[in-house]
Structure formats: structure tokens, C-alpha cells
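Work through the exercises below with the sequence and the model beside you, and try each task before reading its solution.

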Amino acid sequence: MSSASQTQHMFLTRALEKILTDRETRRSQYAPLRKACNDSLGELKRSLDQKQKSSDSGTLPDPDDVDVTADRYVMPFELACQTRHPRLVVTALDCLQKLIAYGHLVGSSPDPSLPEKRVIDRVVETMCNCFGGVTTDDTVQLQIIKALLTAVTSNVCEVHEGTLL
């Protein structure tokens, strides 16, 4: 398995597990967040197992087999940001920022919920919606700035037009 793929799995797995182990996610109102995290972790594990099996077999990988893209794992981080709990929001924003910085989250694919938008547009909206005014936690504000700066200056994802407004 490639180093980039290992890095991506590490970022996603650690962030999702950190969100799941936070005491706030144990509340019944955050059942959708727990489900999204567990589903994403399961999908990551299956993907990792499949890649290890193919690399152990000594056969060449199927060229049609697309590497795991982080675009598919945006939902748990979006739900974590909607909780407005600083620890969850900082964890989610930090992971999104790292995925963009290392080129794993490109966001060029259409958004499944709104096909006229791209995934990166949804990610930037999620980042911006974390700001709730002057009462927003300082660490959340810092993480928003870091994530937006990374998204805007990234060479792999294009953030422009209406997304920046």
C-alpha cells in the first residue's frame, strides 16, 4: 500500500475514532453522528483489508480500482461541526484541513446531496458555518482560519466563485 494511502487512512481513522470516543457523542441526539462515524470506519477498514489482500497476493492491482478518496468521508466531519461542541469541531476541522493539505480531499466530484455543487463547496461551507460570532471558542476560530487558508491555497482543490462569498 502506498504511503499516501496509509497517511489518508491514518488521518481519517484517528479523527473518526477521536470523535466517537468523545463523551458528547454518547448523547442520544448525536446518534446520526455516531452512525456516520461507524459507517465510515467500517468502510475504511474494508478498503484497507482489500488493499492488503491484493498486495499480499502478488498480483497487480486492478487499474479500474480507484484509490479511496476522502471525498466520501465528509459527512461525519460535517455532522461533528454541526454539534457546536469545541472539541468535536476542532477535531473535524483539523482532519479536513490535513486531508486538504496532503492532497487527499480534492472535492472535485459532485456533491451527492446537491449535484450542482462540488464536495469542496460543501466542505468550505461547513468550515464557515462553524463560526457563530464573537462567542465562538478561540480554538475553533483558529482552526477555521487554518482550514480555510489551507483550502484556498491548496494546489489540488479549487475553491472559487460563490464558495468564497
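**Exercise 1: The overall fold**

The protein has six helices and zero strands, where helices (H or I, at least four residues) and strands (E, at least two) are DSSP runs, numbered from the N terminus. This is a predicted model, in which local features need pLDDT of at least 70 and side-chain atom pairs count only at pLDDT 80 or more, while totals for chains, interfaces and linings use all residues. Residues are numbered from 1 along each chain as its sequence is written, and side-chain values use heavy atoms, with hydrogens and water left out.

Task: State the order of the elements and what percentage of the residues of the protein count as buried.

Solution. Reading from the N terminus on, the order of the elements is α-α-α-α-α-α. Next, of the 165 residues of the protein, 41% count as buried, buried being under 20% relative accessible area, exposed over 50%, and partly exposed in between (1.4 Å probe, protein chains only).

**Exercise 2: Helix H3 and its surroundings**

Task: Find which residues of H3 are buried, and describe how H3 packs against H5.

Solution. Begin with burial: in H3, the buried residues are Val74, Pro76, Phe77, Glu78, Leu79, Ala80 and Cys81. Seven of the nine residues of H3 are therefore buried, so H3 is largely enclosed by the rest of the structure.

The axes of H3 and helix H5 (residues 119-129) come within 10 Å and cross at roughly 20 degrees; axes are lines fitted to C-alpha atoms, for helices over the stretch in contact, and angles run from 0 to 180 degrees between N-to-C directions. H3 and H5 are therefore roughly parallel to each other, since angles under 35 degrees count as roughly parallel, over 145 as roughly antiparallel, 65 to 115 as roughly perpendicular and the rest as oblique.

Last, list the residues: Val74, Met75, Glu78 and Cys81 of H3 make the contact with Val119, Arg122, Val123 and Thr126 of H5, contact meaning heavy atoms within 4.5 Å.

**Exercise 3: Helices H5 and H6**

Task: How are H5 and H6 oriented to each other, roughly parallel or roughly antiparallel, and which residues meet?

Solution. H5 packs with helix H6 (residues 138-153) at an angle of about 155 degrees, and their axes are 9 Å apart. The two helices H5 and H6 are therefore roughly antiparallel to each other. On the H5 side, Val124, Met127 and Cys128 meet Ile144, Ala147, Leu148 and Ala151 in H6. Sorting these contact residues of H5 and H6 gives seven nonpolar, no polar and no charged, where Ala, Val, Leu, Ile, Met, Phe, Trp, Tyr, Cys and Pro count as nonpolar, Asp, Glu, Lys and Arg as charged, and the others, Gly among them, as polar.

**Exercise 4: Two single residues**

Task: Locate Asp71 and Thr91, and decide for each whether it is buried or exposed.

Solution. Asp71 lies in the loop between helix H2 (31-56) and helix H3 (74-82), and with a relative accessible area of 15% Asp71 is buried. Leaving aside its neighbours within four places in sequence, Asp71 has contacts that include His104, Gly107 and Val119.

Thr91 sits in helix H4 (residues 86-101), and its relative accessible area of 10% makes Thr91 buried. Apart from its neighbours within four places in sequence, Thr91 is in contact with Ala15, Lys18 and Ile19.
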